[in-house]
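Open your viewer and get ready to click around. We'll go stop by stop, and at each one you'll hear what to select and what is there.

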Amino acid sequence: MITVNLAIIIPFLAAILVPFLHKTIKRIHIGWFVFIISSALFIFLIRYIPNIANGDTYLYTIRWIPSYNINFTTYLDGLSLIFALLITGIGALVTIYSINYLSSDENLSHFYSYLLLFMGAMLGVVFSDNIMILYVFWELTSISSFLLIAFWYHRKRSREGAQKSLLITVSGGFAMLVGFIMLFVMTETMSVREIIATVPNFNEHPLFIPALILILLGAFTKSVQFPFHIWLPTAMEAPTPVSAYLHSATMVKAGIYLVARFTPVFGGELTWFWLVTGIGLLTMFWGSFNAIRQTDLKALLAYSTISQLGMIMSMFGMSSAALQNGYSLDSVVYTQAAFAALFHLMNHSTFKGALFMVVGIVDHELGTRDIRRLGGLATLMPITFTIAIIGSFSMAGLPPFNGFLSKEMFFTAALNISNLQFSSETWMNLIPIVAWVASIFTFVYCMIFVFKTFLGNYQEEKLEHPAYEAPFGMLISPAILGALVILIFFFPNVLGEYVLTPAMYSIFPYMNGELGLHINQWHGFNTELMLTIGVIILGTLLYISLRHWKKIYRLLPEKWSFNTLYGNVLEKTESISNAVTNSYMTGYLRDYMVYIYLFFIIAVGGTLFRTQSFLFNIEGNSEITGFELLITLAMMIAAVAILLAKSRLTAIILNSVIGYGIAILFVIFRAPDLALTQTIIETVTTVLFLAAYYFLPEWKKEESKKRSKGVNAIISVAVGVIFTTIALAVQNGKLFESISYFYENSYELAGGNNIVNAILGDFRAFDTMLEVVVLLIAGLGVYTFIKLKARKGDKPLEDK
Amino acid sequence: MIDAMLYAALTLFGVAIVITLYRIVVGPSLPDRIIALDMIGVNLITAIAIISVILGTKAFLDVILILGILAFISTIAFSKYIERGVIIDRKRDD
């Protein structure tokens, strides 16, 4: 049984099929095929709900690289089921929507291939039990999201948005990979379940905190947490179905999933609590604050997504407080924050998906989504308006919509956490205050979204098309989502008992007591209700006086934003690396030689110096006769004289003196074959020098700086000294027996008296053969150099 | 006795080579240097012959012959270069 694995693989297979089907079947829109796939997967996953609610889990394994512990293992439990239902369900709705949204002139097969690729990758992320597989699918979501954002690749802004999102999410993904490897080092297992089971054994490990931070970095970049939120607003250049699907309901929640999944691993750590809660609240505040200033509807929704994700993230952080004091009954109260987070996760997917689709409809019908040009659409587009009201009132946290319930639970969680006693009280009291202020801003931008778009004056002269209600096909999906928003408000406990409670047991696997929570629409006059009423009153006041206080956004200049920082970092890294490369890649061969020799001096000389191996042992060396001394002296004189020679011919003559000197040294050291070859080669080289000499330009005095000459002198002397030292030090120790005895019986083995020739032609003939090939290549090379010349008008043979 | 004489002769040839080298390094004109190189070649031939006697081997007689030919060839090459500027003439009908 590998059914869950199959659920991941099917979208990938379908993605391969899409282009073929699109080409062969012209009559039917290819989107329907994708719709069938995703809705079939949704129904298939729904069938698991009763079993999961009973506490069953499913584990399937396909062997992939067993020798490295990497297997395609899937684990289906409450937590992954929630996400999988969102992915497939909203995937199906988005497909219906995009069938009507994208015109048939677009490259539809690309679009649906990417979409299926993304769906499969996302299912892989939530189902994977093996951290390496999880990482693979994680990167696949980044890549498919990159492709989808740049779907209109001819637009510059689309490409920029895609690049930015890829850079940020992939660098976070890399950090996460490092964190995973650290986890593997600590626990020696790649299975998430086994890691959770062995947590108490390794939470004192020095790698524990680094792994925590790196994995959180991955989650934060993916889930647009502060300050990595900047890629989401630029990713709004994608087609609206993509924004609705990836950038509100699924991909940005992958980081949330990761945090939820790893809460049992890291949740007991205070660092985790503060990072997740703190960054989450900061993101929530910053996102809601910035959403108000946006004039583009999609940008507003992007910032609102950032804010809502920050809220969900902070609730998961708060719930980790339950793990601080171990698994006791008292701490169950804190786990309810996670319940609220899961609940709001579902709610956010419903209303945000609907809102994105509403914006898509407005954009599609009117040709603009600029708030300043919109207004008065309520009577012209009544259905869209209704859905927009449902969505944004739910987002603002008003009854009778599901956002109200999750916001109340959010306040409960924030108030509970402020009673916690492991840190100074002021910090703890700050949490509900920040949450409350951010909720007020949320209320304000929700009102802006509905009322600036749909009420006020209808300005037809500013629109590209006159306003009409959208076609039926485009309204189906947002209507379903809007209906869900209301349904969840009235029957929250169906969702709570069957879907959310099992997920709670996956987040807190070792918790005692009842984890689920009964959701009440009405829970008396308590602090939470007062907070909500305060949000509504203050929010309304702020919305009415918006014109007066909007100036505060101008206090922070544009160039101080994180976008500018990101742009500057990209630009600076480019220019700095350019400058660095230009500074040493001079294009002069002599500079590169300096680097090579400097490296040689540092590496070899440094090794010699560090190992103290320059001990010279000249015992057993033969005596030096007067003649040898004189020959060596002559060669030295010639060598020095070459450096000082005033003409090339003198240098050539001196060079042949050295060559002949080597030949006589070969004679003295009893190597007749070498001496023969050396004399011949020396003569031939001299003649070649002379032949080439004719074509050389006039001998010019090299005009280089004094300092570079000095540097050259120092380097050459150092290289010489090091070589001499090595040659002398080599005699110091004899590591092995000489192998020359092997060739003593050359006559018996090879039938030759001349050992040298026997070695060359018999014992080691392979080397000789290759040397012959080298000569052949050199000869051919010279021939081609001389003979092959580009004719006039031909392309140059090589770039200069 | 004969060994000592051979070594003495060898050393003297070495001295001769060093002295000839003076002409190559300093030599005011190019022909001076070429003749000096030729002379070094001849000195080497003699030196190799003496070494062969000292070592009591015939193995280096080839070297002597080759060196004789090659010293000649390189001198000719240099001379031709000085005279015409090229070593290998092109064919007229090329």
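Where does A:T57 lie? Select A:T57 and you'll land in the loop between α3 (49-53) and β1 of chain A. Helices (H or I, at least four residues) and strands (E, at least two) are DSSP runs, numbered from the N terminus.

Before going further, some ground rules: this is a predicted model, in which local features need pLDDT of at least 70, side-chain atom pairs count only at pLDDT 80 or more, and totals for chains, interfaces and linings use all residues. Residues are numbered from 1 along each chain as its sequence is written, chains are lettered from A and ligands numbered from 1 in the order in which they are written, and side-chain values use heavy atoms, with hydrogens and water left out.

**Stop 1: around A:T57**

Stay on A:T57. With a relative accessible area of 41%, A:T57 is partly exposed. (Buried means under 20% relative accessible area, exposed over 50%, and partly exposed in between, using a 1.4 Å probe and protein chains only.) Now show A:Y75, A:L76 and A:D77: leaving aside neighbours within four places in sequence, these are what A:T57 is in contact with. Contact here means heavy atoms within 4.5 Å. Try the distance tool on A:T57 and A:D77, too: their C-alpha atoms are separated by 5.0 Å, though the two residues are 20 residues apart along the chain.

**Stop 2: the hairpin**

Next, select residues 58-65 and 70-76 of chain A. How do β1(A) and β2(A) pair? They run in the antiparallel sense, joined over seven bridges. (Two strands pair if DSSP finds at least two bridges between them.) Across this pairing, A:R63 stands opposite A:N71 in β2(A). Four residues sit between the strands of the hairpin, and A:N69 takes a positive phi near 70 degrees.

Why is β2(A) largely enclosed by the rest of the structure? Because seven of its seven residues are buried.

**Stop 3: salt bridges**

Side chains of opposite charge can pair when their charged atoms come close. A salt bridge here is a side-chain nitrogen of Lys or Arg within 4 Å of a carboxyl oxygen of Asp or Glu, and the count over all chains comes to seven.

A:R261 lies in helix α13 (residues 254-266) and A:D77 in the loop between β2 and α4 (78-101), so the pair ties together parts that are 184 residues apart in sequence. A:R261 is buried at 6% relative accessibility, and A:D77 is buried at 4%.

Your next pair is A:E237 and A:R157, whose closest N and O atoms are 3.2 Å apart in another salt bridge. Are the two partners buried or exposed? A:E237 is buried at 15% relative accessibility, whereas A:R157 is exposed at 56%.

Then try A:D370 and A:R372, whose side chains meet in a salt bridge at 3.0 Å, N to O. A:D370 is buried at 19%, but A:R372 is exposed at 53%. To finish this stop, select A:D296, A:D363 and A:R369, which are linked in a network of salt bridges.

**Stop 4: a nonpolar patch**

Switch to a surface view and select A:I480, A:L484, A:L487, A:F490, A:F491, A:V494 and A:Y498. Together they make a nonpolar surface patch of about 670 Å². (Patches are made of residues with over 30% relative accessible area and no salt bridge; like charges are joined within 9 Å, and nonpolar side chains (Val, Leu, Ile, Met, Phe, Trp, Tyr) within 5 Å. Accessible areas come from the Shrake-Rupley method with a 1.4 Å probe; for residues, only the protein chains shown count as cover.) Two elements give two or more residues to the patch: α20 (472-490) and α21 (492-507) of chain A. α20(A) gives the most, with four. Click A:Y498 in helix α21: it is partly exposed at 42%.

**Last stop: zoom out**

Show chain A whole. You're looking at 33 helices and two strands. The C-alpha trace spans about 115 × 65 × 55 Å along its principal axes, and buried residues make up 50% of the 800 residues.
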